Structure formats: structure tokens, C-alpha cells
Amino acid sequence: MPKPNLLLISGSLRKASFNRTLLQEATRAFGPATTVEADISFPLYNGDDEDAHGVPDAVHTFAHRIRDADALLVSSPEYNKGISGALKNALDWLSRVDMPALRHKPTVVMSAAAGRGGGETGLFMTLNCLAQFQVRFVFGPAVMVANASAQFDDNGRLKSETYLKPLTERMQALRDALA
């Protein structure tokens with residue numbers, strides 16, 4: 001595959017999110033690729049709203065971007081020992097679209113968090129939620145950046161091989177999975 005299309009999904013809606021920074025670092029480690037960052041700022045899922053107005057156009061756009069991507073990179077913080085609300089809400093909306101966009105899609109999940117666990121509980125919860133969609137996880141060394149505010153330099157690059165090495169290995173595994 002000459003230049004794969006990667007869809008980047010951040011579970012944090014903040015523009016300066018460490019998870020967005022981690023996704024950018026992952027794309028550098030991956031190498032040549034076309035990247036698109038998904039926008040998951042959807043209204044909260046509510047079945048009554050869906051019945052009255054249907055699935056929002058933004059959710060359909062998200063589903064089509066997933067379908068058109070060769071692989072997904074998902075990075076999310078851990079909020080109160082769980083998956084981010086924004087990411088869970090996006091998955092809830094995605095389940096309402098009549099298109100199995102995630103099925104068999106090569107996917108790497110990682111996290112960056114303020115705490116010393118690097119978002120471990122949230123990461124495993126994200127894996128569990130995505131498993132229901134039958135994604136094809138690309139496993140490898142876990143990428144869980146702890147104390148994220150101290151791990152990136154002013155250019156958004158990881159400072160330590162402690163995190164850069166497993167990230168690079170994981171992106172190599174993804175490249176291999178796409179070959």
C-alpha cells in the first residue's frame with residue numbers, strides 16, 4: 001500500500017489535548033500517510049432526539065471517514081477511571097448508523113493522561129467498547145503516556161524513549177498489518 005489513509009480519533013475535545021499531540025507523534029512514527037482527524041463533538045445521544053431528527057449529518061460523515069480509512073488511530077484520556085464521555089458518545093451514535101464502518105478496521109488504541117497510570121483503565125475500557133464493533137486490533141507494546149504534561153517538548157515530540165520506543169513499535173506493527 002503506497003500511502004495509507006489514517007483516521008485519527010481523539011477522545012479529548014480540547015484543541016491542545018495531549019491525546020491529539022500523541023496522535024500526531026504516532027503519525028510521525030508511522031511514516032508517510034494521509035491523515036484526517038475526526039471531529040467527534042456530537043450532541044449527547046438521546047433516542048427521542050434520534051426519533052425526532054434522525055442521526056446527525058456529522059455522525060454520518062464520521063462513519064464515512066471510518067469506512068474510507070485504511071486504519072484508525074484512537075487516543076483517549078482517562079476520565080474518572082473510565083473512557084472519555086466524548087468518545088463513548090461518538091461510539092453510541094456510530095452504533096445508530098446503518099453501516100458497519102468499524103468492522104475489521106485495523107485499529108490502534110493508545111492513551112495520554114495526567115495520572116501516573118497513563119490512562120490504563122480508560123484504555124482497556126476503550127478496547128472493550130470498540131471490540132463490540134468487531135474492529136481488528138493491532139496489538140503490540142502498550143502506549144500509555146503517564147504525566148502527559150511533562151512528556152512532550154515544545155514541538156509536540158515525546159521526550160523519552162520510554163514512550164517513543166513502544167509507539168514506534170506499534171506503528172511498525174500497523175504498517176505490517178496494512179502491507
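Okay, let's start with how the pieces are named: helices (H or I, at least four residues) and strands (E, at least two) are DSSP runs, numbered from the N terminus. Residues are numbered from 1 along each chain as its sequence is written, and this is a predicted model, where local features need pLDDT of at least 70, side-chain atom pairs count only at pLDDT 80 or more, and totals for chains, interfaces and linings use all residues. Side-chain values use heavy atoms, with hydrogens and water left out.

So, the inside. By a nonpolar core I mean a set of buried Ala, Val, Leu, Ile, Met, Phe, Trp, Tyr and Cys residues joined through side-chain atoms within 4.5 Å. Buried is under 20% relative accessible area, exposed is over 50%, and partly exposed is in between (1.4 Å probe, protein chains only). The largest core here has 32 residues, and those with the most contacts inside it are Ile 9, Ile 40, Phe 62, Ile 66, Leu 72, Leu 102 and Leu 130. Two or more residues each come from strand E1 (5-10), helix H3 (57-68), strand E3 (71-75), helix H4 (85-94) and helix H5 (120-131). Which of them gives the most? That's H4, with six residues. There is another core apart from this one, with 25 residues, including Ala 71, Ala 148, Phe 152 and Met 171. As a general point, nonpolar side chains in soluble globular proteins tend to be buried together.

Let me pick out Leu 102. Contact means heavy atoms within 4.5 Å. Leaving out residues up to four places away in sequence, Leu 102 touches Ile 66, Leu 72, Leu 91, Leu 94, Leu 130, Phe 133, Gln 134 and Val 135.

The method runs on a 1 Å grid over the protein atoms alone: a cavity is a set of points where a 1.4 Å probe fits but cannot get out, a pocket is an open set with protein on both sides within 12 Å along at least five of seven lines, and lining residues have an atom within 4 Å of a point. Grid points are joined across faces, edges and corners, and a volume is the space filled by probe spheres set on the points.

How many cavities of 30 Å³ or more does the search of the whole structure find? Two. The largest holds about 50 Å³ of space, and its lining is Ile 9, Phe 62, Ile 66, Leu 72, Val 74, Leu 87, Leu 91, Leu 94, Leu 102 and Leu 130. H3, E3 and H4 each supply at least two of the lining residues, with H4 giving the most, three. For classes, Ala, Val, Leu, Ile, Met, Phe, Trp, Tyr, Cys and Pro count as nonpolar, Asp, Glu, Lys and Arg as charged, and the others, Gly among them, as polar. On that basis the lining of the largest cavity is 10 nonpolar, no polar and no charged.

The second largest cavity has about 30 Å³ of space. Around it sit Ser 10, Ser 12, Leu 13, Arg 20, Glu 37, Ala 38, Asp 39 and Ile 40, which split into three nonpolar, two polar and three charged.

Then there's the largest pocket, with a volume of about 240 Å³. It has 19 lining residues, and the closest to its centre are Glu 78, Ala 112, Ala 113, Ala 114 and Gly 115. By class, that lining has seven nonpolar, eight polar and four charged residues.

On to charges. A salt bridge is a side-chain nitrogen of Lys or Arg within 4 Å of a carboxyl oxygen of Asp or Glu, and the whole structure has eight. Glu 25 and Arg 157 make one at 2.9 Å, N to O. Glu 25 is in helix H1 (residues 18-30) and Arg 157 in the loop between strand E6 (144-145) and helix H6 (161-178), 132 residues apart. Buried or exposed for Glu 25? Buried, at 2% relative accessible area, while Arg 157 is partly exposed at 36%. Those two also join Arg 28 in a network of salt bridges.

Next, Glu 50 and Arg 96 pair up, with their closest N and O atoms 2.9 Å apart. Glu 50 lies in helix H2 (residues 47-53) and Arg 96 in the loop between H4 and strand E4 (106-112), so the pair ties together parts 46 residues apart in sequence. Glu 50 is buried at 13%; Arg 96 is partly exposed at 42%.

Last one: Lys 165 bridges to Glu 169 at 3.2 Å between the closest N and O atoms. Both are in helix H6, four residues apart, about one turn of the helix.
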